[in-house]
Every structure is written in structure tokens, then in C-alpha cells.
Amino acid sequence: MSWRLRRAGSADLDAVMALEEASFETDAWSRESMAREIDHPYGYYLVGLDAEGPDPDLTTDPGALRGYAGLLCPPGSDLADIQTIAVSPAARGGGLGRQLMARLLAEATDRGARSVLLEVRADNPVAHSLYLSLGFADIARRPGYYQPDGVDAIVMQLELPARRPALAENPGDSHDA
């Protein structure tokens with residue numbers, strides 16, 4: 001499948017919340033929390049849509065949303081945090097989660113982050129495997145973090161590569177011998 005990613009906005013809130021509540025039945029974020037996150041000046045939220053779908057406008061077709069993900073990273077901060085990610089059951093296994101994560105990691109790098117943290121439910125081996133495959137490492141465990149289920153969180157961290165320096169304005173100006 002092919003996916004189209006774009007920045008999430010307040011018009012996406014209904015569709016995001018529908019997937020949030022379906023994905024995280026017992027520990028879904030509140031509508032108010034999600035709205036604050038999407039609009040946060042240091043946040044970067046994306047929605048994933050089926051690139052071949054008939055209507056990419058979620059206001060008329062909320063079912064077009066196949067996934068979303070969010071990052072919190074103040075510009076210039078050394079540390080970024082993956083806040084959330086969800087992919088609809090129909091889209092799982094099609095690369096959307098990996099594509100969403102790749103875009104969040106690129107944004108964190110662009111903002112100057114050197115490291116990214118996330119938490120994953122200990123009872124979610126599919127997500128844990130995805131994060132391991134992206135280079136994240138387990139660094140801690142938070143017992144009973146996910147409530148009301150009492151499920152542990154595995155804290156993971158990824159060290160990002162250094163940003164490449166911007167290209168010189170005059171590429172022909174070289175001081176190499």
C-alpha cells in the first residue's frame with residue numbers, strides 16, 4: 001500500500017479520536033488532551049491516509065484516516081519524545097507505522113534533537129519489535145504505567161545522527177587544497 005502523510009490539524013480531531021479510542025480502549029487520551037497536543041507549538045503531529053483513497057479530506061470522510069503519530073520536541077532541544085502512534089487494524093503490516101515513525105524521527109533531527117524517547121506497552125510485542133528495528137533500545141521499565149490495566153511501560157531510546165551542516169551558499173568556493 002502507499003500512504004500519504006500530512007500535518008494534523010484541529011479539523012482532524014474527530015477522526016484521530018475515533019482511532020485513538022478504538023486503539024486504546026482502556027487508556028485512550030481525552031479529546032481535550034489530544035486537541036492540546038495537536039495544537040501545541042512544540043508538537044509535530046501527522047495523519048496517515050490511504051494515498052489511493054477517494055477522499056483525503058477527513059472532514060467529509062473520517063474513515064480515510066489510517067494512522068496518526070505525534071512528536072514533542074521544542075526547536076533546539078537535545079531530547080524529543082514520541083507522544084503517540086496508532087495505525088488502524090486494516091492498515092497494520094502495510095508500512096504506515098514505519099513511515100510515520102521515520103517522518104517523526106526526521107523532524108526531531110531537523111529540530112536539533114540528539115536523542116528520542118518513547119514508551120511502549122510491555123504487552124505490545126509488534127510495536128516493540130518495530131521500534132527495535134528502527135534502532136531504539138530498551139533503557140528502563142515503568143511498572144504499572146498504563147492504567148487502569150496496570151501494564152508496564154518499556155522506555156526506549158534512540159540516539160539520532162548529527163545533523164549535516166547546511167550547504168555553503170557558493171558551492172564553488174572551496175578551501176580544499
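Helix 3 and helix 4 are oblique to each other, a term for angles that are not under 35 degrees (roughly parallel), over 145 (roughly antiparallel) or 65 to 115 (roughly perpendicular). The model before us is predicted, with local features needing pLDDT of at least 70 and side-chain atom pairs counting only at pLDDT 80 or more, while totals for chains, interfaces and linings use all residues. Residues are numbered from 1 along each chain as its sequence is written, and side-chain values use heavy atoms, with hydrogens and water left out.

Let me begin with that pair. Helix 3, residues 96-110, packs against helix 4, residues 125-133, at an angle of about 45 degrees, and their axes are 11 Å apart. Helices here are DSSP runs of H or I with at least four residues, numbered from the N terminus; axes are lines fitted to C-alpha atoms over the stretch in contact, and angles run from 0 to 180 degrees between N-to-C directions. The crossing is right-handed, the near helix being turned clockwise from the far one by less than a right angle. In contact, meaning heavy atoms within 4.5 Å, Gly97, Arg98 and Met101 of helix 3 meet Leu130, Tyr131 and Ser133 of helix 4.

I turn to the other pair. Helix 1 (residues 13-23) and helix 2 (residues 31-39) cross at roughly 125 degrees, their axes coming within 11 Å. Helix 1 is therefore oblique to helix 2. Which handedness does the crossing of helix 1 and helix 2 have? It is right-handed. Helix 1 contributes Leu13, Asp14, Val16, Met17 and Glu20 to the contact, and helix 2 contributes Arg31, Met34, Ala35 and Ile38.

Notes:
Helix = DSSP H or I, 4+ residues; strand = E, 2+ residues; numbered from the N terminus.
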